[in-house]
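Here's a quick briefing on ring contacts and pocket space. Have a look at the structure first, then we'll go through it by topic.

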Amino acid sequence: MKKAVLGLTAFILVATAAPAMAHFQMVYTPESALEKAGPIDLKLVFTHPFEAGHTMKMEKPERFFVVRKGRKKDLLDTLKPIQWTSLTNSAAAYEAEYRLRGMGDNVFCLVPSPYYEAQEDIYIQQMTKMVVNTAGFPTDWDAEVGLPAEIVPLDKPYALWTGNVFRGVVKSNGKPVPNAEIEVEYMNHRPLMAHNAFAQQAAVEAPQDAFVTMTIRADADGKFVFGIPRAGWWGFCALGVGPADEYKEKELSQDAVIWVQARDMK
Amino acid sequence: MFKKKLVIVGVLLLVAIVPTPVLAHTPLCSCYEGGNDTVICEGGFSDGSSAAGVAVRVVNEDGKVIVKGKMDDFSEFVFDKPEGPYKVIFDAGPGHEVEIKGEEITE
């Protein structure tokens, strides 16, 4: 009996130690609230944003599109492969140029190919949303896109002051996910658009590991709230919420990611 | 009788008041070249309200209306790009007009 308990404890320790690595799929552009429409550059990078650490190799994504005024535009063919340099390595990523039109919310959505994480022996697929607004005209930011794993925002992801809260609802095939586990990370190293690399300089220093990847829980209705302590980009990743749990006979974690940008009042 | 009058006054007041909040929001309009010598204009209100049905006029140098129409269900209006100088007027009511000069409308 005692042995069984010990065995179980050891198993739990091993099992819970693994997900501590916070992978984050980035869909990045420097500015999410623009006065006017025009061309913007986007970088798609699968990385560890707080530490600008180990960056994972991206395969050609399954889907990449933008939604504005409820109309979907496929952008998969506009993706170009790049090499993204982190502080510790360099890996395959993608970039795209997109010409924003008119006014409103442009909800960029990425469904990457599942990534095999050898350390955990699982596949990870992070369905990622990032919203760029033009002219302050709200159109689609709060709409559900219909991704299998999705965070639906309750606050405009591009109109946050430092100190505001960001709220969202975690959904799996459109249904709220009670008590979903959500990882939160600050983009602590500025992405250098021209160099396809993270800046060496970190913005802040974490006092301890729990501040690198902050883990929070959604409530019984799948809703979460996070107070934003600093200007910049923040990523939210709800773990394993999508309906599919197997890929190539391995465990699959379908995660839902959203990025928000906060600004200082000055 | 007195009550009836009050109700009528109330209804009139409501009718008078209800449209005001919509107009209180800033009208927005943005135009760009849509290819094949067309121009696309998108309208809306700063609170996100649709501009479907809002009147749009395109006038030439002399102020003569050369194209006239309404924003569609997507709050958009498409017209053929005029030859000479022109101006687009998004007309959401008195004091709520947005004017965009043709030379500012680019790709």
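This is a predicted model: local features need pLDDT of at least 70, side-chain atom pairs count only at pLDDT 80 or more; totals for chains, interfaces and linings use all residues.

Counting over all chains, you get 17 aromatic pairs. Arg71(A) has its charged end over a ring of chain B, that of Phe74(B), and the largest pocket takes up about 540 Å³.

**Tyr28(A) and Trp233(A)**
- The ring centres of Tyr28(A) and Trp233(A) are 5.8 Å apart, and with the planes at 65° the pair comes out as edge-to-face, because that label needs an angle over 60 degrees.
- Tyr28(A) belongs to strand β1 (residues 24-28) of chain A and Trp233(A) to strand β20 (residues 232-238) of chain A, so this contact ties together parts 205 residues apart in sequence.
- Tyr28(A) is buried, at a relative accessible area of 6%, and Trp233(A) is buried too, with 6%.

**Tyr123(A) and Tyr247(A)**
- Here the ring centres of Tyr123(A) and Tyr247(A) sit 4.8 Å apart with planes at 75°, so this pair is edge-to-face.
- Strand β10 (residues 122-134) of chain A holds Tyr123(A), while Tyr247(A) is in strand β21 (residues 246-247) of chain A, so the pair ties together parts 124 residues apart in sequence.
- Tyr123(A) has 12% relative accessibility and counts as buried, because the cut-off is under 20%.
- Tyr247(A), on the other hand, is partly exposed, at a relative accessible area of 27%.

**An aromatic cluster**
- Phe166(A), Tyr186(A), Phe224(A), Phe226(A), Trp234(A) and Phe236(A) are linked into a cluster by ring pairs.

**Charges over rings**
- For Arg71(A), the charged end is 3.8 Å from the centre of the Phe74(B) ring it sits over.
- Within chain A, Lys72(A) lies over the face of Phe65(A), 4.7 Å from the ring centre.

**The largest pocket**
- There's about 540 Å³ of space in the largest pocket.
- Its lining counts 26 residues, and those closest to the pocket centre are Glu35(A), Lys36(A), Ala37(A), Gly102(A) and Ser30(B).
- Elements that give two or more residues to the lining are β2 (33-34) of chain A plus β1 (27-35) and β7 (97-101) of chain B.
- Which element gives the most to the lining of the largest pocket? That's β1(B), with 6 residues.
- Sorted by class, the lining of this pocket has 14 nonpolar residues, along with 6 polar and 6 charged ones.

Methods
Residues are numbered from 1 along each chain as its sequence is written. Chains are lettered from A and ligands numbered from 1 in the order in which they are written. Side-chain values use heavy atoms; hydrogens and water are left out. Rings of Phe, Tyr and Trp (its six-membered ring) pair if their centres lie within 6.5 Å; planes under 30 degrees apart count as stacked, over 60 as edge-to-face and the rest as tilted. Helices (H or I, at least four residues) and strands (E, at least two) are DSSP runs, numbered from the N terminus. Buried means under 20% relative accessible area, exposed over 50%, partly exposed in between (1.4 Å probe, protein chains only). A charge sits over a ring if NZ of Lys or CZ of Arg is within 6 Å of the ring centre and within 35 degrees of the ring normal. On a 1 Å grid over the protein atoms alone, a cavity is a set of points where a 1.4 Å probe fits but cannot get out, and a pocket is an open set with protein on both sides within 12 Å along at least five of seven lines; lining residues have an atom within 4 Å of a point. Grid points are joined across faces, edges and corners, and a volume is the space filled by probe spheres set on the points. Ala, Val, Leu, Ile, Met, Phe, Trp, Tyr, Cys and Pro count as nonpolar, Asp, Glu, Lys and Arg as charged, and the others, Gly among them, as polar.
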